[in-house]
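Hello,

Here is the structure I promised to pass on to you. Have a look at it first, and then read my notes below.

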Amino acid sequence: GLNEVFSIGPARTYGCGVLKDMEELLPGHYLICTPDGIRQQSYWKLVSRPHEDSYERTIEKTSFLVEDSVRRQMVSDVPICTFLSGGVDSSLLLKAAVQAAEHTGRQVWAVTFDSRLHPSCDLGIAGRVAAELGGIHRVITVDELEQEEIRNNPVDRCYLCKRHLFSMLKAFAEERGIDRILDGTNEDDMHVYRPGIRALRE
């Protein structure tokens with residue numbers, strides 16, 4: 001209920017929603033509906049294990065996994081595009097993409113949205129990150145409130161905003177013959193409330 005609405009941070013209690021008699025299907029579960037009722041069945045569970053690697057080994061492993069995942073997206077000869085918000089995730093992604101492109105000579109575009117619904121300081125941070133890391137930085141000005149469905153402030157407005165931004169980003173990429181767009185969404189985002197992930201999947 002209201003506790004979930006006013007709690008601090010993007011995270012919330014698994015299985016709990018903000019609407020009465022509405023429950024969330026937990027991550028790693030599917031729903032079984034029978035004449036006898038409805039139940040959830042687990043098909044995957046994240047297993048927690050002690051972290052035994054040294055600090056140096058942890059950095060080495062993490063660097064390899066990030067760089068390898070980016071390289072796998074850069075197998076073709078066309079330019080690549082990243083969504084740069086200026087945060088840690090998107091900045092790391094841009095750095096890995098620029099480093100991978102050094103061996104191929106491919107162009108790497110970094111796109112930032114200048115939006116009324118995001119802090120103006122984010123734009124300056126993204127600009128400084130792009131200048132330091134490299135890539136071709138482009139700023140797309142957007143006013144989400146021009147969209148009536150967003151202006152009406154529905155419960156799924158976060159999804160609608162992300163869908164609008166991602167659609168513009170996709171159009172930007174298509175105009176330049178780009179068939180790979182990289183986004184900084186990571187595993188942690190899959191286990192908390194992130195309405196924009198639905199738009200990303202679409």
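Let me start with Trp-44, which sits in the loop between strand E2 (37–42) and helix H2 (55–72). Helices here are DSSP runs of H or I with at least four residues, strands are runs of E with at least two, and both are numbered from the N terminus. Trp-44 counts as partly exposed, at 42% relative accessibility. On that scale, buried means under 20% relative accessible area, exposed means over 50%, and partly exposed is in between (1.4 Å probe, protein chains only).

Before going on, please note that this is a predicted model, in which local features need pLDDT of at least 70 and side-chain atom pairs count only at pLDDT 80 or more, while totals for chains, interfaces and linings use all residues. Residues are numbered from 1 along each chain as its sequence is written, and side-chain values use heavy atoms, with hydrogens and water left out.

Now for the chain as a whole. It has seven helices and six strands, and along the sequence they follow the pattern α-β-β-α-β-α-β-α-β-α-α-β-α. Of the 202 residues in the chain, 27% are buried.

Next, the sheet. Four strands make an open sheet with parallel pairing, in the order E5-E4-E3-E6; two strands pair if DSSP finds at least two bridges between them. Strand E5 (136–142) and strand E6 (181–182) are at the edges with a single partner strand each, so one side of each is left without a neighbour in the sheet. Strand E3 (residues 80–83) pairs with strand E4 (residues 108–115) in the parallel sense over four bridges. Phe-83 has Val-111 in E4 as its bridge partner. Helix H3 (residues 88–101) packs on the sheet and touches E3, E4 and E6; contact means heavy atoms within 4.5 Å. The direction of H3 makes about 155° with that of E4 (axes are lines fitted to C-alpha atoms, for helices over the stretch in contact, and angles run from 0 to 180 degrees between N-to-C directions).

Not counting residues up to four places away in sequence, Thr-82 touches Leu-94, Ala-97, Val-108, Trp-109, Ala-110, Val-111 and Leu-182.

Enjoy exploring it!

Best wishes
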